[in-house]
Structure formats: C-alpha cells, structure tokens
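Good morning, and thank you for making the time.

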Amino acid sequence: MDLIPAPRRSTTALSAEDFVLDEATVIVAGPGTEGAARWLRATVGAATGLPLAPGTGQANSLTLTIDETDGGTAAPEGYLLSVGPEGIELRGGSAAGVFWGCQTLRQLLGPAAYRRAPVHPRAGQLGHWRVPACRIEDAPRFAWRGAMLDVARHFLPKDVVLRYVDLLAVHKLNVLHLHLTDDQGWRIEIKRYPRLTEVGAWRTRTKAGLRESPLWDERPHGGYYTQDDIREIVAYAAERHITVVPEIDIPGHSQAAIAAYPELGNTDVIDTTTLPVLTTWGVNPNVLAPTDTVLRFYENVFAEVLELFPSQFLHIGGDECAKDQWRASDTAQARIKELGLDGEDELQSWIIRHFDRWLTSQGRRLIGWDEILEGGIAEGAAVSSWRGYAGGIAAARAGHDVVMCPKSHVYLDYRQSARADEPVPIAYVRTLEDVYRFEPVPEDGLSPAEAAHIIGAQANIWTEAMDSVRAVDYMAFPRLAAFAETVWSELPAPGARDYDGFTGRMTSHYARLDALGVEYRPPAGPLPWQTRPGVIGRPIDGPPPIV
C-alpha cells in the first residue's frame, strides 16, 4: 500500500479476500457523512463508472460513520478504515476524518481512480476496482496543514484555484492560504471600493524573471475574483474540509491599493497619483500611510472580506514594510510623537495592534508574517514564521500560536536542483529530500507547553516567476507531496526518515498525479518544455542558513 501521506498504522489482511467494487456496491452514509458520500459518487463514481447508490446495512457496501468514541478515531480528523471481502467500513472522528479516510480509499483503488471518466472497457471493469483487505488507523499530526498560493503576482483563474483545492485534498492538506493582494495586483472584489479591481487588478506589463532580468512580458496582466467567485471557492473548499485563509497585505506590499486610491499612500513624501500597479518584483518603498483614513479604509475592506471567508484567521501580511517614507513623512513622524512610540517599527506595530483589536471585536483572529514581532506583537496575533524558525520560536515562547513556513525548507519557488536548466532558478536548492526532512517543531529551544503553540506548517508557493498553471505544477509537485507527509504523518527525526521508502511510494503517487494531469517535475529533471532558457533568476550556492 503505497500511501502518501503515510498512515499511522496499517496492516494487510493476507488471509482475507480483497473487496471488489461493482455495480451493486452501495454507500451506507451515516449521519454527518453525507458530504463524503457525495464526494465519492462525484469522483470515484465518475472514474469507475459505478453508481455507488445509497443503500442500507447490507453486504457489498461502503459504510461511512462518525464515531467520536472509538480509540482509532478519537482524533477529530482521525479515521479507521477496514476492508474485507464483504465490504468496507470507514469510521471517522468527525466528518473531516471520514473525508480523509475517503482519500486513502481512493489511493487504494489505484491511479485510474483519479481520472474523470472510466478508462477501462465497461465489460472489463468487474474485478478491476479491487481494494486490498486491510485495516488502517490514521490521524494527522498537526491541525494546520497548509499551502499558500500567491494569486497576486500572477493571477490564477478561479478554475485553477478550485483544481488546487482538489490537489490539497488529495494530500490531506486542510488550509489554503490565498495571497490576494500585493504591489503587483489586487485580486478580490470590494464593492465599497470598486477601483481596487478596476485599477488595482491590472498592470501594464510584467518583469520576466527576477529584478535583475532585462526581459519583459509586454502584455497587460491581471484579473480578480468577484465576491461570488470567492463564495464558490470557499464553499467548494469547505465541502472538502479545507479552510480558505485570505491575506490582505498591510502596511507594506500595498502599491496596487495606492494606485487605485492615492490617498492611502504617503502623500507628503511623494506624488502618489503617479504610482502605477507595480510591474516588477522585490521590496517596495511605497507603503500605506499611518493615518486614520487608512485605518477606516481597511476596516471597511476587512468587513467585506469577513463576510466572504468564515475562517477564524485573517492574514494581514505585515512583512517587508520599508520605513523610508515614514522617516521622511511629517505625518508619520507626528503620529509617532502623538502616540509616544519608539520609532517606525513601533509605528508598524501600532497599526497591527489596531487591526488585532478590530478583528477580535469581530470574533476573528489576526495572523501575519513574522515581521509583526518587530516593535511588539499584538496580543492575540498568530505568526507565520517565514524568515526561519527564530520568529516562530520567539512567538511560541511568548504564548502566541505559530504556523511554521521557513523559507529555508518550504518555499516552493526555490529551485529544485543545481542544474543549469532549472526554470528561473531562485535562491537555494530545495530538493524533494530537503522538503521531506522538514521538521515544523524545532528540536531545541521550546518546552512542551511552548511547542504546543506550533499549530502546524505550510508550504508557500510564490508566483513571481510562475506565470502559468504549468509552471506552478512544476514548482509545487512533487515537493508538496513530501511536505504533506511531514505535517500529517508521525515521522522520526529528520535525519532518521526513510527517504528511500518515501521515493519508492512516490512511484505509485506519480501515476496518480499523471492521472490528475499534474505537470510535476520528473525525478530525472525538467523536460525540455519545462525549462525557461534565458530567463534570469537569482541562484545562491550552498545550503541555506537555518535560523
């Protein structure tokens, strides 16, 4: 059973006959499992051509139940899958647990179960859909098992986002962090401020490669999600037990918003009416002004965002906020003096604290990149630790929840080998093995109580150099599969992990990805059409520093 991510416990019943799905197989869906039954009919039913009709407790059935008391399913997302010759029993500790068990069942059916229509002749299907007799007890290690998808730098249409929701579900990942705004584009409709998408969603051209590259894509680029698009994405994800966490960046990475509404910028330092949506990459000096106008504007934006996303968390960015304009701004300096703050770092912290209180008043929680620690972290905030482990360690020690996503391990825009033909080579080499040996909880430095604040981890897919879904597939896979195992499975210490065993299981998983149409990076290196000759990146030799 080449399962990915690896389950906690699994045994194959060699003495028992396998179970075969056929036209008479029914789904017996207990209370609370109706969504999993619908999903099975829509996916496995489509791939097999079998009706998988509703039924009662008879033989030749797939029985779904929620049992919060069973020892094997006590974890909320845990499940117990038992397969014998008469049928399949799947018990979950919750509806989510049942759903993750369904993902395992689909893997047991083989790669053809990942297609959208049957590929076997109808007459030859009997006996093909064979499930090995087994017992699998499983539950995830972390509650937050996420992937960040950057749709601000290169817009990904709604159907691509829905496809990625399905790919996360395949890998038992349960958080989609959507990076919706940045200097290069604003991707969500805000009805109160229509210029955010009329102006902010479009740039005139795009740098091809990183800032050093002389190449440009001279086509205008952009797009955005209507509020109904967002509702559809959120509902589609929820049916698959995936939470969509929106990110609206403040106070840095905000030039697209300033281009749409110049009064948001530092108008006493530069003429903000001349600022376009940014066409290149990197840290940008044009940041939001620390004014009441800006606070009210983003309160109104966030109010609409919260109506669309039921997520407990709203991500406010908070990273890479250049302070040069604040240092030169009489308005910013007057605010620092008025509030008795110790410089610009505390001014940023004041903005973050304001929205921490505001979100708390709305029954939600703020999460931001680890720069929100600078100048003092807001009381209820959680931290996405991206610059390394240090920010997450500091936050956990201070009693704050942490999502570990260090760039040294799980930045999936980083190049996958030192080969010269890797497309747009960025930063350090992060191989499949490097990702597989990622450990979200630092081995030293945290007490058990502090380590409990590490609620999970996520891999980040930044798209400055990914201008198509094919490019995103290549950079995300197969590394996202390795990441999924690090956050779901109970693995030994990084150096003791069975990487050879994992790559052996990946042989079967590549066939699943092929059936899904994922254009992953082959183990032998990029195929000719996956390279990007002449597009300059920024490779860095040697291993990344672990900080």
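This is a predicted model: local features need pLDDT of at least 70, side-chain atom pairs count only at pLDDT 80 or more; totals for chains, interfaces and linings use all residues.

Residues are numbered from 1 along each chain as its sequence is written, and side-chain values use heavy atoms, with hydrogens and water left out.

Let me stay with the aromatic rings. Rings of Phe, Tyr and Trp (for Trp, its six-membered ring) pair if their centres lie within 6.5 Å; planes under 30 degrees apart count as stacked, over 60 as edge-to-face and the rest as tilted. By this rule there are 23 aromatic pairs. In one of them, Y193 and F297, the ring centres are 3.9 Å apart and the planes stand at 25°, so the pair is stacked. Y193 lies in the loop between strand 13 (185–186) and helix 4 (195–198), and F297 in helix 7 (residues 292–308), so that distant parts of the chain, 104 residues apart, are linked. Helices (H or I, at least four residues) and strands (E, at least two) are DSSP runs, numbered from the N terminus. Y193 and F297 are both buried.

For Y436 and F502, the centres are 4.4 Å apart and the planes at 20°, so this pair is stacked. Y436 belongs to helix 13 (residues 432–436) and F502 to helix 17, so the pair ties together parts that are 66 residues apart in sequence. F502 counts as buried because its relative accessibility is 0%. One aromatic cluster is formed by W186, Y193, Y261, F297, Y298, F302, F355 and W358.

I turn now to helix 15. Six of the eight residues of this helix (residues 469–476) are buried, so helix 15 is largely enclosed by the rest of the structure. The buried residues are A471, V472, D473, Y474, M475 and A476. They pack against strand 10 (144–150), helix 3 (158–170), strand 24 (454–461) and helix 16 (479–488), contact meaning heavy atoms within 4.5 Å.

Seven strands form an open sheet in the order 1-9-6-7-5-3-4, with mixed pairing; two strands pair if DSSP finds at least two bridges between them. Strand 1 (9–12) and strand 4 (53–54) stand at the edges with a single partner strand each, so one side of each has no neighbour in the sheet. Strand 5 (residues 61–66) pairs with strand 7 (residues 87–92) in the parallel sense over six bridges, and T63 stands opposite E89.

Finally, which residues lie nearest the centre of the largest pocket? They are E320, Y411, D413, E464 and R538, out of 24 lining residues. The lining divides into 11 nonpolar, three polar and 10 charged residues. The second largest pocket is lined by 18 residues, with T43, R106, R116, D166 and L516 nearest its centre. A pocket, on a 1 Å grid over the protein atoms alone, is an open set of points where a 1.4 Å probe fits, with protein on both sides within 12 Å along at least five of seven lines; lining residues have an atom within 4 Å of a point. Asp, Glu, Lys and Arg count as charged, Ala, Val, Leu, Ile, Met, Phe, Trp, Tyr, Cys and Pro as nonpolar, and the others as polar.

Key
Buried means under 20% relative accessible area, exposed over 50%, partly exposed in between (1.4 Å probe, protein chains only).
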